[in-house]
Amino acid sequence: MNEKLTSNQLYINQETLIKSKERVRSHGEVFTPTPLVAEMCDILPAEMFMPEKKFLEPSCGNGNFLAEILRRKLDNSNTWMDALTAAGSLYGIDILEDNVREGRRRRLGAAAGSLAPWGGGAGGA
């Protein structure tokens with residue numbers, strides 16, 4: 001693993017795991033690396049990633065788990081309505097507003113890209 005501590009941030013393979021030591025101290029904020037998120041999701045049964053299944057992430061941070069779950073749900077979407085259902089079935093809570101905004105952006109980008117083949121989302125009519 002390529003670990004590096006630079007100006008109060010911890011990176012592993014170019015991924016930020018700690019935004020600042022102060023945020024760790026004051027909020028306990030440490031992000032889960034994307035490969036570990038994928039491994040943890042691999043443990044769940046495949047039916048958990050059907051578009052209609054709901055997920056609540058009570059400490060979503062910048063959305064690593066929600067982004068991976070949405071990606072898997074969109075892979076199981078056969079219609080644009082499935083994709084909309086998948087996008088609307090995820091709920092995340094965080095106490096830091098910048099994390100909430102970043103998580104929303106990530107999920108909106110994934111959903112827009114998924115809707116494009118059906119004429120919606122980015123570049124759609």
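Tutor: In the protein chain, 54% of the contacts with a separation of 6 or more join residues 24 or more positions apart; contact means heavy atoms within 4.5 Å. The model is predicted, so local features need pLDDT of at least 70 and side-chain atom pairs count only at pLDDT 80 or more, while totals for chains, interfaces and linings use all residues. Residues are numbered from 1 along each chain as its sequence is written, and side-chain values use heavy atoms, with hydrogens and water left out.

The chain has five helices and five strands (DSSP runs numbered from the N terminus: helices are H or I with at least four residues, strands are E with at least two). Along the sequence they follow the order β-β-β-α-α-β-α-α-β-α. Of the 125 residues, 34% count as buried (under 20% relative accessible area; exposed is over 50%, partly exposed in between, with a 1.4 Å probe and protein chains only).

The part to examine is helix 3, residues 64–75. Two packed helices are described by the angle between their axes and the distance between the axes. The axes of helix 3 and helix 2 (residues 34–43) come within 10 Å and cross at roughly 55° (axes are lines fitted to C-alpha atoms, for helices over the stretch in contact, with angles from 0 to 180 degrees between N-to-C directions). Helix 2 and helix 3 are therefore oblique to each other (under 35 degrees is roughly parallel, over 145 roughly antiparallel, 65 to 115 roughly perpendicular, and the rest oblique).

From helix 2, Val 37, Ala 38, Met 40, Cys 41 and Asp 42 take part, and they meet Asn 64, Phe 65, Glu 68, Ile 69 and Arg 72 of helix 3. By class, this contact of helix 2 with helix 3 has six nonpolar, one polar and three charged residues (nonpolar: Ala, Val, Leu, Ile, Met, Phe, Trp, Tyr, Cys and Pro; charged: Asp, Glu, Lys and Arg; polar: the others, Gly among them).

Glu 68 of helix 3 deserves attention here. Glu 68 has a relative accessible area of 11% and is therefore buried. Apart from neighbours within four places in sequence, Glu 68 is in contact with Val 37, Ala 38 and Cys 41.

Helix 3 also meets helix 4 (residues 80–87): their axes come within 9 Å and cross at roughly 160°. That angle makes helix 3 roughly antiparallel to helix 4, and this crossing is right-handed. Leu 70, Lys 73 and Leu 74 of helix 3 make the contact with Ala 83, Ala 86 and Ala 87 of helix 4. The residues of this contact of helix 3 with helix 4 divide into five nonpolar, no polar and one charged.

Helix 4 also holds Trp 80, which counts as partly exposed at 45% relative accessibility. The C-alpha atoms of Trp 80 and Ala 111 are separated by 9.9 Å, although these residues are 31 residues apart along the chain.

Conventions: Left-handed = near helix turned anticlockwise from the far one by under 90°.
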